[in-house]
Amino acid sequence: WLGGALLVVWGLSTAFSLSWMTSLVFSDAISEKITMLILGILLMTFLGSVFQSRKDAMTFLSVLVIAGGVGAALTFLQLFWGVSAWGWFADFAKDRNFNVIGTLNGLTLFYSALLAVSIGMIVTLKLSEWKPWHRWALFLSTVLYALDLLLINYRYSWVVLVGVSIVLFGFTFRGDQKSRSALQAAGEQKTRGLDWRYLFAIFLLVVSIFMFIAQPTVKKLDLPAEVSPALKTTWSIGRSVLAEGPKSALLGSGPGTFGFDWVKYKDVQVNQTVFWGVRFNQGFSWVSTLIPTVGILGALIMVLFFAAALFVFARSLMRERGEGHLEWAALGVGPLVGLVAILISAFLYPANFSLILLLFALAGVLSYILSEKEAGVGVSQRGVKEMMMDFSERTAKFDSQWAVFISSLVVVFLLSLGIAGVYFELNRVRAAVAAQQGIT
């Protein structure tokens, strides 16, 4: 429901944007456009309905983590030994800090989210039942994520891992409490020692705090500094946009138009620096950028979406379940911890294409894993609260010809929009390559 509200509010913001074509297609900040939000919600809906069994969801998460581990291995080779696999495809990709995510800091936060997913899977699932190659691939991917985080050593990635370790500790405590209650109910008085998962969560917390405070250099890489507007500057621009009038206060200047706001409201002192001619298309973080671009209403509905997703998913995960559903629910810990990592990142760093897709992908997987397949309980038999707070399977039927016709038009429109988007992006890449060749 909040996903639909997001589309409505962002659609209104796009309609009244400073440049609706920029908000829809042409913004340099790809992750800030409304088309990115549409793609993310479609992905979430698709993944929430396409899986047919727990094995499908397990396969998806395993492929996601292990494929990311392959990327982490390439990043490790690139950072540690200077061997760039991407340089085989293009000369400009031979640089040590090049990656397919964007900036190295953005790559670190992406790896932090995948590390959280893999750790959640390791501490909650019965890996002894997995095939050996599958189990070792998961372990190796986790180690590679950790090594890349140590090499890049981005401060905010350790803040993300602090939040992840706290959430893991909470789930471990909850699971251990249930296990002890089950033993007492069975009449077993055997005492249990400290669960290794407690020690792991505490170790992760201590290491993350130490790395954030001490910032030791694991390997000197001489990476270029990343420059972006400070939080204070972003808030200042946001206040200036909100002061323009009621429309700007509620709906902002439009998705993906922070660059226009920057040019209009940047501090005059910036003109005395080397950044006088630079137009920043994103602010300090994803959430702080939403204030000037989609206004109070758009930012509020996005924060509500974050909070509702965490509350509903965590509530469903900690619900009392039958013995046969415990392991099913345990599969949701990994993606939920990964979702927490991304949501923390949203307050600390600008959005990028990969992080947003991963956010909605994990939300879609969780909506399937934590759904209750209750046969015989129809939508009409549930109250409003139940419909809002659970993920019970629902079916939408298009019986009338008009419904089928309209749904077909929507599908054709989305396919056409996707093809047009690919065409425009390919032209931008070709232009960038041509410009680079002209410079060199």
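Me: First one: is Lys-264 buried or exposed?
Reply: Lys-264 counts as exposed, at 55% relative accessibility. Here buried means under 20% relative accessible area, exposed over 50%, and partly exposed in between (1.4 Å probe, protein chains only). Before we go on: this is a predicted model, where local features need pLDDT of at least 70 and side-chain atom pairs count only at pLDDT 80 or more, while totals for chains, interfaces and linings use all residues. Residues are numbered from 1 along each chain as its sequence is written, and side-chain values use heavy atoms, with hydrogens and water left out.

Me: Thanks! What does the side chain of Lys-264 meet in a salt bridge?
Reply: That would be Glu-244, at 3.3 Å from N to O. A salt bridge here is a side-chain nitrogen of Lys or Arg within 4 Å of a carboxyl oxygen of Asp or Glu. Because Glu-244 lies in the loop between α9 and α10 (246–251) and Lys-264 in helix α11, the pair ties together parts 20 residues apart in sequence. Helices (H or I, at least four residues) and strands (E, at least two) are DSSP runs, numbered from the N terminus.

Me: How many salt bridges does the structure hold?
Reply: The structure holds 2. Arg-279 also forms one, with Asp-28, and their closest N and O atoms are 3.6 Å apart. That pair links distant parts of the chain, 251 residues apart: Arg-279 sits in the loop between α11 and α12, Asp-28 in the loop between α2 (20–26) and α3 (34–50).

Me: Back to α11, then. Which residues of it are buried?
Reply: In α11 (residues 258–265) they are Phe-258, Gly-259, Asp-261 and Trp-262. They lie on the same side of α11, because they cover an arc of only 160° around the axis (taken from the directions from the helix axis to the C-beta atoms). They pack against α9 (231–242) and α12 (286–317).

Me: New topic: which residues touch the most other members of the largest nonpolar core?
Reply: Trp-286, Met-302 and Phe-306, out of 93 residues. Such a core is a set of buried Ala, Val, Leu, Ile, Met, Phe, Trp, Tyr and Cys residues joined through side-chain atoms within 4.5 Å. Apart from it lies another core, of 6 residues, including Phe-258 and Trp-262.

Me: And how many helices and strands overall?
Reply: The chain has 17 helices and 0 strands. Buried residues make up 43% of its 440 residues.

How values were computed
Contact means heavy atoms within 4.5 Å.
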